[in-house]
Every structure is written in C-alpha cells, then in structure tokens.
Amino acid sequence: GAIAGLAMFPSGDMALTWGQDGAAIVWDMESREIVKTLCIHVAVECARIFPGGDRVLTCGAESICVVWDVGSWAKVCEVGFRATPGYHWVPALQLSDLFDGCGAEVLPPGDGVVTLGRGAQATLWDVPSGEKRCALRGRPVNLVVPFSDGNSLVTVSFEDPLVFIWSAHTCALRLALRHAEWVVDIAVLGGAVLSMDMHGLVSVWEKDSWILLRTLHAPSVIAPTYELWPFPDGHRLATVYRRNVVIWNVTSGVALHNISYAGAEGIAIAPAGDALAVCSGWRVATFDTHTGAELPLPRFNRSLHIGDGSCFVAMSWGTVLGDGVRGPSWRSLEERAR
C-alpha cells in the first residue's frame, strides 16, 4: 500500500516505513531487504523510533498504539488507545497538509510515551509497563514536543496564542508563554524553545529563565510558513515555506540562506547537518547547508508521490530516502554523483 511516512534509525543501518496497509516495515539499508513487518491490522497513522533505536512505536486507527522491541520484534506494551476502555485516539490537528500529523511522541530517554486523544487531551504513559502516568489538564493539546532531558514538555493549542510548559513526570503546568498570534509549530533547539505563529514569526525563548531572546523574521514571506526543523548542531534552524526554505543561525538571529524551492512538502537534515533534502511532489533536491547551493546531483523523477499529494523524505549518512507505492526508494549520494 501507499507509504504514509518514513524515518531513519539512529544507527543509520535501518529505515522504518508505515502506511495504510496496517503494517510498519523495517528495512535493511545495506541489502535493501525487509527486516521485519510489524502488523497492527489497521492503517498505521504514524510511527516513532525511540532515541536509543531499541524500540519502535506504531499508532493506528481504531485506537491502537503499540511499542515494539527492536531485535526480538515482540510487543513491549500497548499504550493509551485500546489499552484503556473508552479512550479513543484522534490524530493531532494541523493547519497545513505537510508531514504526518502524529498523535504520539516518545519521551526521552525512552521510558514513556505521550498520546493525543479525544478532545485533544494529552496523556503520558510509562514504558515498558504501559501504565498511565498522568494527563495534561485544562488545555487542549494539538502539538507536543518533549525536551531532550525528558523532564518537560512543550505544547500548543490552536485555540489560543499560548505555548505551555509542563512537567513530564507529574503533568503539572509550569508556565505559559504568550504570542501575539496563534502558534502553528514548536521545537526545542539546544537551550531554547522555538515557537512559530501563523504569520511566520519565530520566537526564541531561553529555557529555564523563559526570557524572549529574539524573534526571527523571514526575509521574504511569499506564502505562509509551516514547519520548524532544528539542526543537530543545536544552533541552526530551517523554516519551511511553500516557496522557500530558510536556514537560520538561532544564536545570532541571522538568516544564513534563503533556498528557493517551489512547493516544498517535506525536508530532512543529514545527521552531520551539512546537507538538506527537500521534496516536492515527484522531485527531491539536496542542498549544501553551509553555502545554500544545490548539490550537483540529479533529482528523483519517480516513486516520490502518494495519493494525497504529499511526499516524505529522510536523510541518513550519504543516503536520501523518498516514499514509494510498494516500498521506499533510496539512492546513495555517492552513487548518484558518479
């Protein structure tokens, strides 16, 4: 069936794809063969790989969310959804059709999962027990991002211009940060929390003191912005627009590169942070993130389009992946350069 999304394992030797056929498939990057098919018998809406690469989370329709052990491929536990009577999953709402509106996230270092359910309520679950830890009360949650230390969560609701900081252990509300407009995306980058409003303004908040350090204004907003993509170095950020991808130095607030690419529907940043892939419909192009120049590699011309008009791309060491109808298509950057 059509692929709904894909992701790379931290080691770079395996990839994970999922889709409407009720399966998440683990692929060996070297042999390009299927390692394991994880079946939940309903459409897999989204999946996540745990930080250590030792577990996989798959979430599907009809209230199913399963944690799997990598290696034995046994079920570790079911969290939320079917595991709790009367608890029904509703996918995370998004203001755009970009990327996968996943209704679950893994809590670092991998000992918990947060899910979004009916009424946009966020619930935290312990792994491997599958027991409910606590719930975020008082505000609906449409987007959730955990801090890398596993102690806090950042959430937004599309009903108001607020960013909420919660305890990941007790679900206590710690504080709220106010925007002038509705917030459409959030991210954590190094020691800062980033929030983007509906007009493309990105606010940079200092973690712990919660002082507003600076705001990032896109040099030329031709169309609305949709996504924040932090770089692995903890200093740079990519913001995705319909016709542009802008790379920022968040520390200085300077826009380093403005990459023109019409119809950008998905991006991926290489683990080293030196290359960026952008996909649009049937095409994927790669760029040098230090110069902003397009790398002299031919673009894909097939296997990069799925029925709803979206596309997905992921990048690992020297490899670009795009979604296909029957499986992922991948090419080595070195092979394509020859």
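1. Pro109 sits in the loop that runs between strand E9 (104-107) and strand E10 (112-117); strands (E, at least two residues) and helices (H or I, at least four) are DSSP runs, numbered from the N terminus. The peptide bond joining Pro108 and Pro109 is cis, with omega at about 5 degrees.

2. On the basis of these notes: this is a predicted model, in which local features need pLDDT of at least 70 and side-chain atom pairs count only at pLDDT 80 or more, while totals for chains, interfaces and linings use all residues. Residues are numbered from 1 along each chain as its sequence is written, and side-chain values use heavy atoms, with hydrogens and water left out.

3. A cis peptide bond also joins Val127 and Pro128, where omega is about 20 degrees. Pro128 belongs to the loop between strand E11 (121-126) and strand E12 (132-136). As background, most peptide bonds are trans, and most residues other than glycine have a negative phi.

4. Trp73 is a residue other than glycine with a positive phi, near 60 degrees. Its loop lies between strand E7 (64-69) and strand E8 (75-78). Trp73 has a relative accessible area of 12% and is therefore buried (buried means under 20% relative accessible area, exposed over 50%, partly exposed in between, with a 1.4 Å probe and protein chains only).

5. Cys171 is not a glycine either, yet its phi is positive at about 65 degrees. Cys171 is placed in the loop between strand E15 (162-167) and strand E16 (173-178). With a relative accessible area of 7%, Cys171 is buried.

6. How many disulfides does the structure hold? There are 2, a disulfide being a pair of cysteine sulfur atoms within 2.5 Å. In one of them, Cys134 and Cys171 have their sulfur atoms 2.0 Å apart. The link of Cys134 and Cys171 is right-handed, with 70 degrees about the S-S bond. This pair connects distant parts of the chain, 37 residues apart: Cys134 is in strand E12 and Cys171 in the loop between E15 and E16. Cys134 and Cys171 are both buried.

7. Cys59 and Cys65 also form a disulfide, with 2.4 Å between their sulfur atoms. Cys59 is buried at 0% relative accessibility, and Cys65 is buried with a relative accessible area of 2%.

8. Cys77 counts as buried, at 10% relative accessibility. Cys39, with a relative accessible area of 36%, is partly exposed.
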